[in-house]
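Please look over the sequence and the structure before reading on.

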Amino acid sequence: MRIGLIADTHLPSLVRSLDELGPQIADVLRGVDLILHAGDVTAPSVVEWCAQFAPVLIAEGNNDIFDDARMAKKQMLDIHGWRIGMAHELRPESRPIDQILQSSLDGERVDVLIGGDTHVERLEFRDNVLLINSGSPILPHHLSTRLGTVGILEVTPASVRSEIVVLGHSEGSANPCKAMYLEVMAEHLSRHGGGFTAEAAR
């Protein structure tokens with residue numbers, strides 16, 4: 001399964017639609033099977049924009065003051081034997097994974113943990129958990145409106161591959177983000193506590 005990851009869209013702002021930044025965001029999301037939005041959507045129109053590409057699930061952010069059946073404080077999925085959890089705020093992301101899980105997912109164990117809120121891309125594997133923050137596609141690193149990042153998660157029974165995709169530069173505004181890639185291999189399907197190897201990020 002190919003999953004698109006997006007967070008912190010914060011629309012409307014200087015632009016009212018993600019298309020106004022160019023075709024890059026749509027190009028990455030086109031062809032995914034599912035979109036996970038890690039919160040601070042801020043406008044229902046963003047949900048519908050994402051839904052043109054694939055079904056959408058949202059982790060409610062602190063700026064999401066609208067109702068949508070696809071939105072919850074946390075999202076939990078089981079895909080090909082991998083347990084995936086998503087919440088808007090994981091910060092500080094440098095904490096031990098157990099502490100992050102306790103505050104964001106009520107202590108539930110996961111193999112993949114997805115968050116947002118910081119507007120800074122992050123991809124790492126530690127304490128047997130793949131942690132992903134896809135950053136913001138529109139306000140990267142809390143700078144002015146410009147292209148930033150989205151993420152891709154490829155899930156198979158044997159592995160999870162994750163990528164932070166830098167969307168390019170906006171005219172007059174450099175993209176401050178860094179592309180990242182990490183693959184986690186499963187030695188067996190009885191995980192949640194061991195049985196992983198991880199390839200180095202590039």
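This is a predicted model: local features need pLDDT of at least 70, side-chain atom pairs count only at pLDDT 80 or more; totals for chains, interfaces and linings use all residues.

Which residues does threonine 9 touch, not counting residues up to four places away in sequence?

## Threonine 9 and its surroundings

Leaving out residues up to four places away in sequence, threonine 9 touches Leu18, His37, Asp40, Val41, Val46, Pro137 and Ile138.

Threonine 9 is found in the loop between strand E1, which covers residues 2–6, and helix H1. Its relative accessibility is 0%, and because buried means under 20%, threonine 9 counts as buried.

## The chain as a whole

The protein chain contains 3 helices and 13 strands. Its radius of gyration is 16 Å, close to the 17 Å that the globule rule gives for 202 residues, so the chain is as compact as a globular protein of that length. Taken along the principal axes, the C-alpha atoms fill a box of roughly 45 × 35 × 30 Å.

Of the 202 residues, 56% count as buried. Among the contacts with a separation of 6 or more, 55% are accounted for by residues 24 or more positions apart.

When its neighbours within four places in sequence are left aside, isoleucine 35 is in contact with Gly4, Ile6, Leu29, Cys50, Phe53, Ala54, Pro55, Val56 and Leu57.

## An open sheet with a helix across it

In general, the strands of a sheet pair through backbone hydrogen bonds, either parallel or antiparallel. Here 5 strands form an open sheet with mixed pairing, in the order E5-E6-E7-E9-E8. Strand E5 (74–79) and strand E8 (122–126) are the edge strands, each pairing on one side only, and the twist from one strand to the next averages 15 degrees.

E5 and strand E6 (residues 82–89) run antiparallel and are joined by 6 bridges; lysine 74, for instance, has alanine 87 in E6 as its bridge partner. Helix H3 (residues 97–105) lies across E5, E6, strand E7 (112–116), E8 and strand E9 (129–133), and runs at about 70 degrees to E6.

## Arginine 126 in strand E8

Arginine 126 is found in strand E8, and, with its neighbours within four places in sequence left aside, arginine 126 is in contact with Glu93, Ser94, Arg95, Pro96, Ile97, Ile100 and Leu131. Arginine 126 and proline 96 are 30 residues apart in sequence, while their C-alpha atoms are 8.8 Å apart in space.

What does the side chain of arginine 126 reach at 2.8 Å? At that distance it reaches the backbone oxygen of arginine 95. The side chain of arginine 126 also makes a polar contact with the side chain of glutamate 124, at 2.6 Å.

How values were computed: Residues are numbered from 1 along each chain as its sequence is written. Side-chain values use heavy atoms; hydrogens and water are left out. Contact means heavy atoms within 4.5 Å. Helices (H or I, at least four residues) and strands (E, at least two) are DSSP runs, numbered from the N terminus. Buried means under 20% relative accessible area, exposed over 50%, partly exposed in between (1.4 Å probe, protein chains only). Two strands pair if DSSP finds at least two bridges between them. Axes are lines fitted to C-alpha atoms, for helices over the stretch in contact, and angles run from 0 to 180 degrees between N-to-C directions. The radius of gyration is taken over C-alpha atoms; the globule rule is 2.2 Å times the number of residues to the power 0.38. A polar contact is a pair of N or O atoms within 3.5 Å; within protein, one must be able to donate a hydrogen and the other to accept it, and residues adjacent in sequence count only if both atoms are side-chain atoms.
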